[in-house]
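Please read these points with the model open beside you. They are meant as short notes for checking by eye.

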Amino acid sequence: GAATSKPAAANDPRSDLSSILRDLEVEPQGKPSLLLVVLGHVDAGKSTLMGRLVAELGVVDSKEVRRRAHQATQIGKGSFGWAWLMDERPEERERGVTIDIAKRTFETEARQITILDAPGHRDFVTNAISGISQADAALLVVDGSSGGFESGFDVRGKISGQTREHAQLAKGIGIDQLAVVVTKLDKHAAGAERLAEIRGKLDPFLKSCGFKDGRIRWLCASGTTGDNVVAKPPGGSALSWFEGPTVVEAIDAFEMVEHKRDAPLRVPVFSSAGAKQGGGAGQVIVTGRLATGCVRVGSQVSVMPGSLDTTVKSISRNGHKDAGFALAGDAVELTLGLDEEASCVSVGSVVCGPSDGIRAVERIKAKIATLELETPFTLGQSLVVHIHAARAPAKVTKLLVLHDPKTGEDVKKRPRLLKSYQTATVEITMSDKVCVEKYEDFASLGRLVLRLGGRTVGVGKVVKVYHT
Ligand code: GDP
């Protein structure tokens, strides 16, 4: 099989692809891989829904389900139920919140799905951003209970619910297909009317974010009863009135996104674990998605920034351990031969080929769109820039051109200010070096989010990278 065939000449990353393609002729690739990010306000029911999906589609075995349920009851949080399946680390269990993006894989009839579960807590938007930057499509989970939708959507003073922020982020960072899953209608006396009411309010907002008509699907489901998650709700059940797609059908209906296999390797690192976190001595495990290129066991790679050269020791691909290789689009865990002390591998690092690696830079030119601003941006405006999983304090060092937000045409050179909902080309200087690419070369490494005081104030694309 692919895992046992000989590695390519270790120094020639280009030969990896042709050897992988030869292996694939012998042993065809599995189902295509789709990465999903799960968005929505805190308590909307994201973990419950994903826990149910994973449990019903067999990735977590029933013993694990019982073990987690028992643990939950013991600490007196039994009501969290299915959500426990998604919570990984002990400290998360104790807090009853998912801190990191829990990565999970399951298979539908047509696809291998990896879920990037973005937690809804306001402070955790950072995690949502790195999830969205790697995802092909989003599930937007909305609480359908009385007052639930409103608390996630309405604007009170300057605070608006995360349903809004997540939708704006998703579109801004480049996701253009969405399924809205309305939960908790199993407890609602008039579910059909409530679904229509929520759609009537949310749909115009999603359109205003830029989502196109045919790219939004509407459905309801209950993670707690399991209705309409994998199977259609049975007659007599709380959601039996609903005739639209199940969650799984909506996932299978997402369009597959193409990923360039014959481009240089880029794996933005989502999380990393050294020896102390179970990576084992002399190795580091990094989790991420192959944005482009391919890699196989034995490939020489370089981790940027820092140009740390190493070898890939093993690959877990789309949840399958001991794969021989991985291709663009795959969700992976790569075991790299590195001493933890010697390594500066972290969230925001990028694994590349040894010769055509990404560069880490401080200065970029970007085309940005502002969201709601409390005060207009002027020259020198401080911000936090997020690019893939990397993040750095930054300043706007040039306001170059103001564009017409509809046509993109230049409206004004050197504007003095940038106000809410404007589009402009600016120069941004970061206080640390960040691995970034031009958007047109590597889309997922060239999208940025601007945050200020814990709020998202803009999104954009990198149009130029300054190497000095
Ligand atoms: P998250 O913060 O979005 O991950 O939300 P959770 O999955 O933790 O759910 C929050 C609460 O809502 C929990 O108490 C769940 O049991 C409950 N819940 C989630 N989905 C449903 C649903 O479809 N129906 C009902 N009745 N309760 C739900």
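1. Basis. This is a predicted model, in which local features need pLDDT of at least 70 and side-chain atom pairs count only at pLDDT 80 or more, while totals for chains, interfaces and linings use all residues. Residues are numbered from 1 along each chain as its sequence is written, and side-chain values use heavy atoms, with hydrogens and water left out.

2. Helix α7. Helices (H or I, at least four residues) and strands (E, at least two) are DSSP runs, numbered from the N terminus. The twelve residues of α7 (residues 162-173) should span 16 Å at 1.5 Å a residue, and the end C-alpha atoms agree, being 16 Å apart. The expected span is 1.5 Å times one less than the number of residues.

3. Burial of α7. Nine of its twelve residues are buried, so α7 is largely enclosed by the rest of the structure. Buried means under 20% relative accessible area, exposed over 50%, and partly exposed in between (1.4 Å probe, protein chains only). Among the buried residues are R164, E165 and H166. Just after α7, G174 has a positive phi of about 120 degrees.

4. Second largest pocket. A volume of about 950 Å³ is found for this pocket. Of its 28 lining residues, K171, G172, C209, A369 and V459 are the closest to the centre. On a 1 Å grid over the protein atoms alone, a pocket is an open set of points where a 1.4 Å probe fits, with protein on both sides within 12 Å along at least five of seven lines; lining residues have an atom within 4 Å of a point. The volume is the space filled by probe spheres set on the points, which are joined across faces, edges and corners. At least two lining residues each come from α7, α8 (191-209), β18 (360-370) and β24 (455-466).

5. Ligand. Seventeen residues surround the ligand, each with a heavy atom within 4 Å of it. The closest are D43, K46, S47, T48 and D186. A polar side-chain atom of K46 is 2.7 Å from a ligand oxygen atom, and a side-chain N or O atom of D186 is 2.7 Å from a ligand nitrogen atom.

6. Backbone. Most residues other than glycine have a negative phi, and most peptide bonds are trans. M304 and P305 are joined by a cis peptide bond, with omega about -10 degrees. K184, not a glycine, has a positive phi of about 65 degrees and counts as partly exposed at 30% relative accessibility.

How values were computed. A polar contact is a pair of N or O atoms within 3.5 Å; within protein, one must be able to donate a hydrogen and the other to accept it, and residues adjacent in sequence count only if both atoms are side-chain atoms.
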